[in-house]
Every structure is written in C-alpha cells, then in structure tokens.
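Please study the sequence and the model shown here.

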Amino acid sequence: MEKKRGKLLVIGFGPGAFEHITDRARRAIEESEVIIGYNTYVDLIRGLLTTQEIVRTSMTEEVSRAQEAVRQAYMGRTVAVISSGDAGVYGMAGLIYEVLIEKKWNAEGGVEVEVIPGISSINSCAALLGAPIMHDACTISLSDHLTPWDTIAKRVEAAAAADFVIALYNPRSGRRTRQIAETQRILLEHRSADTPVGLVKSAYRDRQQVVLTTLADMLEHEIGMLTTVIIGNSTTVVYDGLMITPRGYQRKYTLDSEEQRLRPSERLKVEAEPWSLGAKEQAGESEGAEPVQPDFPAPSSYSYSPSSSSPLEAAMEALQILEAKGIVSGGHAGSESAHSVTGNPSALFEVGVTPGIANKKFTARQMASLAEIAGEQGEMEYTPHHQIILRIPGGDPERVVAELKAEKLLVFPVGDVAQIKACDFCNLEKDGSIPVAEELNRAIGGLKTPKEFKIGFNGCGMACYGAVLEDIGIVYRKGAYDLFLGGKTIGRGAHPGQPVAEGIEANQIIDTVERIFREYTDNAFPGERFHKFFKRVGTVAGFRHQEQAIVAVADAVCGD
Ligand code: SAH
C-alpha cells in the first residue's frame with residue numbers, strides 16, 4: 001500500500017480567545033493527528049482538542065520543535081504546529097520552511113505544507129487601543145537572542161526617523177531588561193516625549209491589561225514577555241482614552257460637514273494632492289522638495305488624505321447612522337479635547353482672531369459680530385497672545401472665515417503653525433516697522449511648523465511685548481532690526497532668546513527670518529521646539545547657539 005502523504009499545518013491561532021481563531025485554523029486543528037507547540041499555546045487551545053497526540057516543548061526549543069514536526073510529517077502524519085498570533089510573524093512558519101529546505105524539500109514531491117494565517121499582536125493590540133496603526137507601520141522584535149543588537153538598534157533608529165508607527169514585540173523578559181530602555185532612548189532622539197504609547201499585555205486573554213502612556217513615561221509601567229508596545233507616530237493623538245493615528249497627513253477632506261470641498265472626481269487629481277509623487281514630477285522636483293504648506297482656512301485639525309475616498313466616506317456614513325440612532329452625539333467636544341485631538345469627527349472649528357498684526361483694538365461692532373458668529377454653542381477664549389480663539393462646534397470653516405474677514409478681522413490657524421506676535425507699536429505711533437511685520441506675517445504666518453512657533457516683533461528698543469522671550473525675537477531699533485533666537489517663554493527653565501545680530505537692514509530681515517524658519521521646518525524632529533532644535537543643531541542660518549549661563553538655584557522660601 002502506498003504510504004499516506006504527510007501534511008504540515010502551520011497554524012496561527014490569534015491572540016488567545018477562541019472567537020479570534022479563524023474557522024480554517026479550527027478545522028486544521030481538528031484535522032491534525034499530532035499537535036506540536038509551546039506548552040502555554042497548547043493550553044490555550046486545549047478546548048479544541050479531541051484525540052490529537054500532543055508534543056509539548058518549552059519556549060527555547062523552537063528548532064527541535066520544527067525538526068520534530070517535519071520528521072513526523074515525513075512519516076505520513078498530519079501535523080499541526082501552533083503559534084500564537086500569526087505563525088509567520090516571529091512564529092514557526094519560517095523555521096519550518098528552513099528545516100524543509102535543509103532536507104531539499106519541494107512542494108510537488110515533499111510533504112504538503114499549509115500556513116494558516118492568524119491575527120497577529122500588532123492587530124489585536126491595536127484594536128484594544130483604538131486605531132493606532134492606521135498608517136505606515138512596522139514591527140520590531142527586541143529579542144537579541146537570534147538577531148544582533150546592533151541590527152535591532154539600526155532598525156529602531158530607521159523606523160523612528162521615518163515616522164513609522166512601531167509595534168515592539170518581545171519588548172522585555174526576565175533577563176532582557178535593557179533593550180526596551182535603549183529603544184526608548186533612540187526613539188526620544190526622533191520623537192517628542194509626549195508621543196502616545198500603548199502597552200497591551202495578554203490581549204484577549206484572562207489577564208488582559210491595556211495602558212496608555214507616553215514615550216517619556218512608558219518605562220514606569222509594567223512591560224513583560226506578554227506585552228506588545230505600540231509607539232505612535234508624530235500625528236498620533238489620544239482621545240477619550242483611545243490612541244488614534246489619523247489616516248493621512250495632508251488635508252483633503254473636511255470632516256465637520258457633509259459637503260466636501262472637493263468633488264469625488266476632483267479628489268484624485270494631481271492638483272488636489274500637491275504632496276504626491278505625480279505632483280512633484282509635474283513641478284520638476286524630486287528630492288528635497290519644500291514641505292507642503294497647509295492652505296488656509298481649514299486648520300490642520302481637519303486634515304485627512306486617504307489614498308482613496310471610500311474608507312473615510314464609509315466612516316462618516318457609519319457615524320451619521322449612529323448619530324441618527326442617537327448612539328453617539330456629534331455635538332460639542334470640550335476645548336481641552338479640541339486642542340489635543342486631530343480630526344475629531346464631532347468636529348469643532350477653531351480659529352485665531354485679532355484686529356490686526358499691530359492693531360490691538362477690537363471695535364464694538366467686531367465684538368458683536370464675533371459673538372454672533374460664535375452663536376449659542378461657540379466659545380471665545382482670550383489668550384496670552386493678544387488674540388481670541390473662536391471655537392464653534394460644527395462650524396463651517398469657509399463660511400466662518402469669510403464672515404470674520406468681512407469684519408476686517410485677521411484670522412489664522414491654531415496649533416503647530418508660525419505666529420507673528422507684534423506689539424501695538426505704542427498705539428500705532430511708532431509705526432516705522434509695521435509694514436515689515438505685516439510682510440513677515442504674509443510670508444510665514446500660519447505656515448505649518450514641527451511645534452508651536454512664535455515670532456515676537458516689537459517696534460522699539462523697550463520691547464515691552466516681550467519679543468526677546470519668543471522662539472524668534474525681532475526688535476526694531478534705530479532704523480534697523482536686532483535678532484534674538486531660541487527664547488523659552490514658559491516653564492521653570494524659561495529664558496530669553498540669545499541676541500545673535502544687531503542692526504539688520506529692513507530689506508534683509510524677512511529673508512533672514514525665512515531662512516531660519518525653513519531650516520527649522522525642514523530639519524526639526526516632529527514636535528521639537530525651536531529652542532531645543534537650535535541647541536541640538538548648534539547653528540541655524542549661520543547663527544551659532546551659545547549655552548545659557550547656568551543659574552544657581554537657592555532654596556525656595558515657599559512653594560515646592
Ligand atoms: N506570532 C506572534 C508573535 C510571537 S513573538 C504574533 O503574531 O503575535 C511573542 C511576542 O508577541 C510577545 O513578546 C508579545 O510582544 C507579543 N504577543 C503575543 N501574544 C500577545 C498577546 N496576547 N497580547 C500582547 N502581546 C502578545
């Protein structure tokens with residue numbers, strides 16, 4: 001009698017709960033005569049076993065497990081090799097093929113092999129956290145048992161620099177404790193300390209734990225063998241305890257109204273996607289292209305650019321259905337969340353308003369119009385930056401901006417954009433430099449920056465509006481401009497900017513500031529403040545950074 005052809009079923013059974021095991025994986029387990037797997041995994045699927053013979057092994061015996069599986073299959077048996085998650089992601093699938101290749105196996109004459117996909121931890125853990133993956137992401141295993149640490153560190157570095165969302169597998173074990181700390185150190189060189197980080201332990205198992213933290217604080221929480229660590233990218237936000245990465249970086253949709261600015265037929269055109277390769281080729285650019293600046297009025301909190309229109313439309317449709325059924329409300333999101341949330345679907349339109357760059361006086365009519373535009377639901381916040389922030393739930397950006405402009409109000413986006421903070425030029429009396437301030441505002445005011453970026457512009461040597469404390473300070477004095485760089489306005493370590501040049505001519509100052517701005521926006525890490533950037537790179541537009549004198553701290557009389 002001809003010997004039965006053996007079969008290897010390489011099965012990923014998902015995170016651990018039965019309902020997340022695919023139907024094919026279940027049937028493959030039923031079909032098998034022998035089950036080979038790590039003890040814990042066999043226990044997890046015990047409820048599905050009937051008469052199968054079980055070959056249990058401990059964690060470190062992966063190679064012998066693969067060899068045993070292949071040996072039994074060559075004896076004509078149907079062998080199931082089980083991995084948690086997906087067997088092809090740091091699982092048994094590759095090892096099985098390596099053993100087979102060693103035996104000069106081929107698909108035709110050798111044993112039959114079927115790899116059965118499962119839900120990998122990157123997917124199951126992401127689902128528990130919200131939607132942190134969403135965009136380009138990668139997995140990195142921090143286990144240096146089979147991979148040299150230098151290779152792992154290089155991958156962490158590359159992924160961090162390229163702004164990938166990163167899922168760290170095997171982040172820490174009893175003996176491997178330094179790898180995660182070293183990884184955090186590398187990531188912090190590229191990403192802001194408040195980057196959202198999700199820690200999921202034992203997803204969909206009895207002892208499941210989900211923790212939302214930040215890159216700075218992640219090591220203060222438990223991370224072990226059964227944890228997957230998900231590091232957000234520069235756009236990831238936290239909303240209502242969830243970690244969410246927006247679907248796109250550049251604006252193409254308004255989320256707060258049913259009417260889209262672009263018709264479906266226009267959306268995929270090159271003109272609508274100035275950041276695309278097609279647009280760059282059309283413009284004759286290839287590398288080192290200028291970053292795409294947001295086109296006002298819609299603030300970045302409405303920015304989305306799905307590669308096709310359907311997922312977003314489907315999501316909006318779903319939301320509308322839920323709203324119609326009263327399951328979720330599309331109403332007001334508090335001002336706190338409006339700041340921290342990018343693309344909150346229950347959208348709040350947010351915009352900065354002033355009477356002018358130099359003019360600080362609202363007319364009564366402007367105030368009345370502001371109140372009317374804000375309406376019952378809207379709010380007006382007076383900020384320390386001589387501006388009012390208007391927040392209108394469900395406000396139509398284009399209409400609101402048009403109404404504000406009709407009242408001769410200056411409007412600008414809020415958030416990580418360049419803002420010109422001018423003084424009142426002594427009630428517009430010392431007005432010699434106002435045209436330059438206005439020109440500077442036209443040149444870079446409102447453009448996107450890695451982090452909030454303020455340019456103080458004061459019209460005389462008194463600099464009483466504190467220009468020297470801002471990221472860039474410009475002080476008009478004796479017919480020319482003094483320049484200060486890298487002020488830190490807030491915090492216990494607050495310090496003024498460093499005076500880097502005096503007497504810059506009127507026709508040079510805008511160019512100089514533009515060069516500084518461009519170096520910063522091109523080279524800063526996402527979320528990096530200008531003063532930190534200046535310190536890190538040492539020279540910006542030819543101006544050298546100098547360490548500030550260290551201040552001796554005396555014992556405080558009161559406070560902490
Ligand atoms: N093949 C598996 C990965 C095995 S490597 C998969 O596709 O998911 C082992 C690592 O996977 C663990 O250190 C942990 O980082 C992750 N992991 C496996 N199961 C998990 C679970 N239920 N919850 C969270 N992380 C898990």
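C125 has a relative accessibility of 3% and therefore counts as buried; the word buried stands for a relative accessible area under 20%, exposed for one over 50%, and partly exposed for values in between, with a 1.4 Å probe and protein chains only. C464, by contrast, is exposed, with a relative accessible area of 59%. A disulfide is a covalent bond between the sulfur atoms of two cysteines; here the term is applied to a pair of cysteine sulfur atoms within 2.5 Å. How many disulfides does a search of the whole structure find? The search finds 0. In the case of C464, the closest cysteine sulfur belongs to C426 and lies 6.0 Å away, which is too far for a bond.

Some remarks on the source are needed before going on. The model is predicted, so that local features need a pLDDT of at least 70 and side-chain atom pairs count only at pLDDT 80 or more, while totals for chains, interfaces and linings use all residues. Residues are numbered from 1 along each chain as its sequence is written, and side-chain values use heavy atoms, with hydrogens and water left out. The pLDDT is the predictor's confidence in each residue, on a scale from 0 to 100. The protein chain averages a pLDDT of 84, and 81% of the residues score at least 70. Over residues 286-309, however, the pLDDT is below 50; this stretch has 73 contacts in the model beyond near neighbours in sequence, a contact being heavy atoms within 4.5 Å. The pLDDT is also below 50 over residues 329-345, a stretch with 39 such contacts.

The overall composition comes next. The protein chain contains 17 helices and 24 strands; these are DSSP runs numbered from the N terminus, with helices (H or I) of at least four residues and strands (E) of at least two. Of the 560 residues in the protein chain, 46% are buried. Among contacts with a separation of 6 or more, 65% join residues 24 or more positions apart.

The interior can be described through its nonpolar cores, that is, sets of buried Ala, Val, Leu, Ile, Met, Phe, Trp, Tyr and Cys residues joined through side-chain atoms within 4.5 Å. The largest core has 36 residues, and F457, I474 and L483 have the most contacts inside it. Two or more residues come from each of β18 (418-422), α15 (434-444), β19, β20, β21 (480-485), β22 (498-504), α16 and α17. Helix α16 gives the most to this core, with 6 residues. Beyond its neighbours within four places in sequence, L483 is in contact with residues including I472, V500, I516 and F543. A second, separate core has 21 residues, among them V10, V79, V81 and L100.

Rings of Phe, Tyr and Trp (its six-membered ring) pair if their centres lie within 6.5 Å; planes under 30 degrees apart count as stacked, over 60 as edge-to-face, and the rest as tilted. By this rule there are 14 aromatic pairs. One of these joins F453 and F517 in a tilted arrangement, 5.8 Å centre to centre and with 55 degrees between the planes. Because F453 lies in strand β19 (residues 453-458) and F517 in helix α16 (residues 506-523), the pair ties together parts that are 64 residues apart in sequence. Both F453 and F517 are buried. Y520 and F530 form an edge-to-face pair, at 5.4 Å centre to centre and 85 degrees between the planes. Y520 belongs to helix α16 and F530 to helix α17 (residues 530-537), 10 residues apart. Y520 is buried at 0% relative accessible area, and F530 is likewise buried at 0%. F453, F517, Y520, F530, F533 and F534 form one aromatic cluster.

A charge can also sit over a ring, if NZ of Lys or CZ of Arg is within 6 Å of the ring centre and within 35 degrees of the ring normal. The charged end of K103 is placed over the ring of Y74, 4.9 Å from its centre. R536 lies over the face of F525, at 3.7 Å from the ring centre.

Finally, the backbone deserves attention. Most residues other than glycine have a negative phi. D163, which is not a glycine, has a positive phi of about 60 degrees. D163 lies in the loop between α6 (149-161) and β8 (165-169), and is buried, with a relative accessible area of 15%. A463 also has a positive phi, near 45 degrees. A463 is found in the loop between β19 and β20 (472-477), and at 13% relative accessibility it counts as buried.
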